[in-house]
Structure formats: C-alpha cells, structure tokens
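Here are some notes for reading the structure below. Please keep the model open while going through the points.

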Amino acid sequence: MSGVRLLVGTRKGAFIMTADGKRERWDISGPHFGGWELYHLKGSPVDPNRLYAAQHTSWHGQLIQRSNDGGKTWEAVGNKFVYEGEPGTHLWYDGTPRPFEFVRVWHLEPSLSDPDTVYAGIQDAALYRSSDGGQSWQELAGLRTHKSAPAWQPGAGGMCLHTILLDPSHPDRIFIAISAAGVFRTDDAGKTWRPMNRGLKSEGIPDPNAEVGHCVHRIAMHRSRPGVLFMQKHWDVMRSDDAGESWQEVSGNLPSDFGFPIDVHAHEPETIYVVPIKSDAEHYVPEGKLRVYRSRTGGNEWEALTKGLPQSHCYVNVLRDAMAVDSLDPCGVYFGTTGGQVYASADAGDSWAPIVRDLPSVVSVEAQTLP
Amino acid sequence: MIIRAVLPAHLRTLARVDGEVKLKVEGQVTQRSILDALEARYPMLRGTIRDQVTQQRRAFVRFFACEEDLSHEPPDAPLPEAVATGGEPFLIVGAMAGG
C-alpha cells in the first residue's frame with residue numbers, strides 16, 4: 001500500500017511523520033537537528049529517499065543536510081553560498097542602499113528530473129543551484145543582477161527568496177518569488193529574468209505599473225497546468241492564467257485576504273487552499289477560529305473548512321511553506337502552525353485531525369507520496 | 001603540537017564527537033592554525049565558527065583559554081603557551097543568548 005511521509009521543519013528541529021495510505025495513524029521521528037531552525041526540507045520527486053534540509057542557527061550559520069534513506073540518516077553537505085562577482089546593493093528598510101549579504105536558506109527545491117540537482121532560495125534574495133547533491137552551490141546571478149535589484153526592499157522577515165516553482169512542461173522555465181520584490185520568471189534556465197507583477201496592487205505602492213516592490217508571500221501551480229499560477233500576496237489572493245504575465249484578484253468572499261500559504265489540490269487544478277490571517281498587524285487567524293478556505297473554482301468563491309479544527313480561542317498562524325498536499329486519492333492536505341500543531345486531512349480538506357499538537361513553532365511542511 | 005579544543009554542544013553533535021578534540025597543529029599555535037586543523041579534520045564545521053570567505057569569527061561565537069576572552073585577539077597572534085603545549089584547552093563557546 002502506498003503511503004505518505006511529511007517533512008516538518010520547526011524553529012527547534014525537524015520531524016518526519018509517516019503513515020500508510022489511510023493516513024489515520026502516524027509514526028513520528030525527531031527532533032532531527034534538535035535546537036536548530038529547520039526552515040525547509042524537501043525530497044526529490046524522482047528519488048523520494050533523497051532529502052535535502054536547510055538547517056540554521058544564528059550562532060553557527062547555515063548548514064545543508066542530505067539524506068539518502070528517507071531521513072533515517074543525514075550528512076552535512078556544502079554550505080558555501082557566495083554571491084557571484086560584486087554583491088551589489090538593495091534598499092534597506094530606511095531606504096538606504098545596503099550590500100547583499102547571505103543570511104540563510106529559506107527554500108530548497110529539488111529538480112524534477114535529477115536527484116543530484118537542487119535549487120536554493122536565500123536571504124538576501126538570490127537563487128543557487130547545486131548539481132552535485134548539494135556539495136557545491138553556484139549562484140544563478142542573472143536574477144540578483146537584474147536592473148531592478150537595487151530597488152528591492154526586504155519584507156518584515158527579511159529579503160528572502162522563498163518560492164521556487166519548476167515548470168514541468170518547460171525545463172528552462174522557473175518562477176521565483178521574493179519578499180518584497182515580487183515574482184520573477186526565467187525562460188532560459190536562470191540566465192535572464194523578467195519581473196512578473198502586472199496586475200498586483202499593494203498599499204504603499206502608488207504606481208499601479210510598478211515593476212517590483214510587491215510582498216508576494218507564496219505562489220503555487222498544478223503540475224498539469226503550469227501556465228496557471230495562484231498567489232497569496234501580503235494582502236490579496238491572485239491568479240494568473242498566462243504564466244505570470246498578468247494577475248487578477250480572486251479573494252472573493254474570504255474573511256480576510258491576508259495570509260501566507262496557498263496550495264493546489266493534487267488532482268483538481270481549480271481547487272485551491274489558503275489559510276486567512278486577520279491582518280498584517282495581527283498575524284493570527286480571524287475570530288480565534290482556525291479555518292482553511294477552499295475554492296473549487298480557482299478563486300473568488302471560497303468555503304470554510306472547519307471540521308476537526310479549533311473554532312475558539314485559537315491564535316496561530318500558518319507560515320508560507322507550512323502547507324502541502326499529497327497525491328493520493330482522495331488528496332491529502334496538511335499544514336503546520338506557529339503553535340506547533342500539524343493537521344492532516346485525508347479527504348481534501350473536508351475534515352481534519354491533528355497528527356501532533358505540541359511541536360516547536362512549525363515553519364514548513366512538505367508531503368511525499370510514497371510508492 | 002597536539003592541542004586540545006572544546007566545541008559547543010551543537011558543534012559536537014554536528015562533528016559527532018564527545019568531549020574534547022585533540023588536534024595536531026603545524027607551526028605556531030594561533031586561532032587560525034587551530035581552526036584550520038579543526039576544519040580539515042571535521043569539514044562539516046566549515047562556516048559554523050568563522051565565515052568561509054572572510055574568515056571572520058561568527059558574531060555569536062567566542063574564544064576563551066586560560067580564563068581569558070581571546071575573541072578579539074588577531075587570528076594570527078600566538079595563543080598562550082599552556083594552549084600550545086596542550087596543558088589548557090582552547091574553548092570555542094556559543095554566546096549566551098536566549099531563544
């Protein structure tokens with residue numbers, strides 16, 4: 001019977017959760033790398049036992065860990081992230097130029113075709129690629145040297161490159177998102193990049209045609225339809241039907257359109273999920289109710305999914321990389337909270353149950369569907 | 001010279017060592033020569049104590065020996081004789097900060 005493995009990154013270590021295809025009983029291992037921040041872990045789509053993990057503390061900096069056995073054992077691989085050439089500057093919070101400086105890895109995205117190739121999105125925003133299983137990293141410097149880069153500014157969490165989407169139908173096409181610069185796309189495997197932010201509107205950016213400056217929180221696509229993108233922006237839920245060339249708002253009847261994660265059902269490309277948060281000033285769910293919102297129409301019309309989720313006195317957040325889906329049928333949906341809960345739904349969101357309630361604050365959740 | 005070094009807990013776990021580390025250091029015993037020997041033997045520690053490019057000590061790491069804070073000494077300054085002869089350990093310490 002097939003199964004699911006969840007890779008959960010927290011502020012104080014990583015946890016690995018496995019279940020069979022029923023997804024009712026979970027085995028939990030961890031903490032792996034106890035005491036370290038694990039911003040992200042992800043497995044190779046072509047070799048599910050090849051995992052990569054981004055491990056960090058302020059004391060000892062960044063490490064990258066690799067596993068070849070599904071997370072039973074790990075080895076530290078390369079952690080040297082050097083900007084190619086002159087780092088250049090971006091804008092600091094006060095509007096002054098500030099040199100790009102490596103802070104941490106936010107997101108790891110393994111290649112769709114080669115388990116030894118993996119991309120890393122870092123703070124201060126840049127994209128790296130390793131083609132030797134993480135031993136060495138080379139910057140795709142065309143992004144950071146884009147003419148708009150001196151005008152990029154950090155979001156509250158730092159100037160992070162947090163989303164990397166690899167297009168399964170165009171091997172040289174990659175979408176990335178940076179807070180708070182916006183979405184960029186390459187069609188030549190990272191040599192050149194274009195901002196893809198037309199249609200985004202953000203308070204504080206009076207120019208409706210501003211090329212950059214939008215605080216995009218996450219973007220998502222369905223593998224079968226990579227020209228359609230969904231976005232959770234600082235405020236606003238958006239979609240693009242032309243591979244990012246233009247965006248339309250689809251927030252519809254959401255109780256708040258502020259949030260961080262957004263994900264797409266594994267088998268229904270028009271079914272999407274978000275977790276609304278009260279506001280940018282109050283990073284917790286509205287009315288003390290933890291509600292996932294699902295749209296079966298690609299946005300605009302949303303339904304609250306509440307069965308099994310706390311509906312009073314709940315004040316958690318769900319961070320941008322902390323939601324995932326599996327590809328079983330029915331589709332499994334998972335998310336982790338800043339309160340340390342990991343919730344699972346084995347019926348596409350209709351009902352939920354906690355896998356675990358008392359982990360450190362959850363930063364990321366990835367789901368692997370195992371053969 | 002065989003010198004003794006003590007790693008903070010996270011780095012002992014990372015390097016998979018218990019207790020002190022004994023290192024053979026060629027030439028003069030300095031912060032740099034100790035860290036060079038340490039990173040050569042435990043490559044996974046590269047970047048965790050000092051920056052891999054600038055070689056500067058990470059801000060939340062301190063160096064102590066013989067009851068002295070040597071963190072701000074030049075990296076090529078000779079360390080106390082007691083460290084160089086293995087009588088006293090070179091202490092690599094994670095700064096005390098909450099979180």
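1. A:Glu301 sits in the loop between S24 and S25 of chain A. Keep in mind that this is a predicted model.

2. Is A:Glu301 buried or exposed? A:Glu301 has 12 C-beta neighbours inside 10 Å, so it counts as exposed.

3. Which residues does A:Glu301 touch, leaving aside its neighbours within four places in sequence? The contacts are A:Gly252, A:Asn253 and A:Ser295. A:Gly252 is 49 residues away from A:Glu301 in sequence, yet their C-alpha atoms are 5.8 Å apart in space.

4. A:Ser295 also has a place in strand pairing: in S24(A), A:Ser295 is the bridge partner of A:Ile272. Strand S23 (residues 272–277) and strand S24 (residues 292–295) of chain A run antiparallel and are joined by three bridges.

5. These strands belong to an open sheet of four strands in chain A, ordered S22-S23-S24-S25, with antiparallel pairing. Strand S22 (258–264) and strand S25 (303–305) of chain A each have a single partner strand, so one side of each has no neighbour in the sheet. On average, neighbouring strands of this sheet are turned by 30 degrees against each other, direction ignored.

6. Chain A has another open sheet of four strands, in the order S18-S19-S20-S21, again with antiparallel pairing. Its edges are strand S18 (216–221) and strand S21 (248–249) of chain A; each has a single partner strand, so one side is left without a neighbour in the sheet.

7. Five bridges pair S18(A) with strand S19 (residues 229–233) of chain A in the antiparallel sense. In S19(A), A:Leu229 is the residue opposite A:Met221.

Conventions. Residues numbered from 1 in each chain as written. Chains lettered and ligands numbered in written order. Predicted model: local features only at pLDDT ≥ 70, side-chain atom pairs only at ≥ 80, totals over all residues. Pairing = 2+ DSSP bridges. Helix = DSSP H or I, 4+ residues; strand = E, 2+ residues; numbered from the N terminus. Axes fitted to C-alpha atoms, helices over the stretch in contact; angles between N-to-C directions. Buried ≥ 20, exposed ≤ 12 C-beta atoms within 10 Å, placed from the backbone. Contact = placed C-beta atoms within 7 Å.
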